[in-house]
Amino acid sequence: MNLEKLLRNNIKALKPYSSARDEFSGEAEVFLDANENPYNAPYNRYPDPLQWRLKTKIAEIKQVPPEKIFLGNGSDEPIDIVFRSFCEPGVDNIVSIDPTYGMYQVAADINNVEVRKVKLDKNYNFKAQDLLNAANLYTKAIFICSPNNPTGNLLDRGEIEKLLSGFDGIVVLDEAYIDFAPESSFLPQLDQYPNLIILQTFSKAWGMAGIRLGMAFAQPEIIHIFNKIKYPYNINILTQQKALELLEKAPEKAEWVNIILTERLKLIETLPKFPFVQKVYPSDANFILVKMHDARGIYEYLTENRIIVRDRSKVTLCEDSLRITVGSPEENERLLDALNELI
């Protein structure tokens, strides 16, 4: 992969904003560089622009060096930065599977970048060659979500490897739901593929959706570009502090995942018993996709009962389907009790 060839010309020439905190290393005692208020510590100070303490903790957990980690405001920030790094608006394009996570299309639309969609097969899987065939000289990146959203299934690992080996642009592998899957992450293979960017999040298994913290893992050269483009203090001090605190809860996180997996199985076994349920698709995530008779009507009925699920009926290959997040045992019982009232 020729990274220089993939980069937009304006990004190659970009001189990033540099603060004194970027230029200084070590322990300072007096801060007179950033026009901060000297009172109300620690919130009067700008946060670490590169979040080194937090990255060091994440590196221990993920077994990836800190210099291969980028932290963003959710996963949406690194998704957007991929477009701003590599895709010339109105010229370049990306290739993506269909259906998949909707923010790839939104980020592409905001950046005026074409999305070439390749429809999944009836089992919600893909062939690497089909995505490679959809690419042309102006394709800068391919986006893959595994486990996929909204279908919930892991994509074929061998096909992902073929894609990584066969494409000379960037491959973005979104692993937001990998903690709920029976297969391991691609993180141990990161060095094997210099064009690979892996996205993960603290919003799902770690239960931190409210603090908006996403991760991108890639080679240092790519992380350097991301740091060059991002706004200087993109992760605020409260998020950094709370994340460090919550990352000490690894045993609780493992317990939460086990409960969710147990509850997922219960829903998969129970929902087909309802006469209006046509199919419950296999899931490797913390949600399930359910095909129903009158899915929209059931969605509205649940909403009236103050139970919110996601109607995915207008999404490609998900006609008449609801996406249901696996909740707590109490939440899932409430869902099943409400559906029982329809019989």
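Trainee: Where is the place of Asn-40?
Mentor: This is a predicted model: local features need pLDDT of at least 70, side-chain atom pairs count only at pLDDT 80 or more, and totals for chains, interfaces and linings use all residues. Residues are numbered from 1 along each chain as its sequence is written, and side-chain values use heavy atoms, without hydrogens or water. Helices (DSSP runs of H or I, at least four residues) and strands (E, at least two) are numbered from the N terminus. Asn-40 sits in the loop between helix 3 and helix 4.

Trainee: What is the phi of Asn-40?
Mentor: Most residues other than glycine have a negative phi. Asn-40 is not a glycine, yet its phi is positive, at about 75 degrees.

Trainee: Is the peptide bond from Ala-41 to Pro-42 cis or trans?
Mentor: Most peptide bonds are trans. Pro-42 belongs to the loop between helix 3 (20-23) and helix 4. Its bond from Ala-41 has omega near 0 degrees, and is cis.

Trainee: A cis bond also joins Asn-149 and Pro-150; what is its omega?
Mentor: Pro-150 is placed in the loop between strand 4 (139-145) and helix 8 (157-166). The bond from Asn-149 to Pro-150 is cis, with an omega of about 20 degrees.

Trainee: How are helix 11 and helix 13 set relative to each other?
Mentor: Helix 11 (residues 250-270) and helix 13 (residues 329-340) have axes 10 Å apart, at an angle of about 15 degrees. Axes are lines fitted to C-alpha atoms, for helices over the stretch in contact, with angles from 0 to 180 degrees between N-to-C directions. Under 35 degrees counts as roughly parallel, over 145 as roughly antiparallel, 65 to 115 as roughly perpendicular and the rest as oblique. Helix 11 and helix 13 are therefore roughly parallel.

Trainee: Which residues of helix 13 make the contact with helix 11?
Mentor: Contact means heavy atoms within 4.5 Å. Helix 11 brings Ile-259, Glu-263, Lys-266, Leu-267 and Thr-270. Helix 13 answers with Pro-329, Asn-332, Glu-333, Leu-335 and Leu-336.

Trainee: How are helix 4 and helix 10 set relative to each other?
Mentor: Helix 4 and helix 10 (residues 237-246) pack with their axes 10 Å apart. The angle between helix 4 and helix 10 is about 25 degrees. The two helices, helix 4 and helix 10, are therefore roughly parallel.

Trainee: Which residues of helix 10 make the contact with helix 4?
Mentor: From helix 4 come Arg-53, Leu-54 and Lys-57. From helix 10 come Gln-240, Ala-243 and Leu-244.

Trainee: How many charged residues are in the contact of helix 4 with helix 10?
Mentor: Ala, Val, Leu, Ile, Met, Phe, Trp, Tyr, Cys and Pro count as nonpolar, Asp, Glu, Lys and Arg as charged, and the others, Gly among them, as polar. The contact of helix 4 with helix 10 has three nonpolar residues and one polar. The number of charged residues in this contact of helix 4 with helix 10 is two.

Trainee: And how many charged residues are in the contact of helix 11 with helix 13?
Mentor: The contact of helix 11 with helix 13 includes five nonpolar residues. Two residues in the contact of helix 11 with helix 13 are polar. The charged residues in the contact of helix 11 with helix 13 number three.
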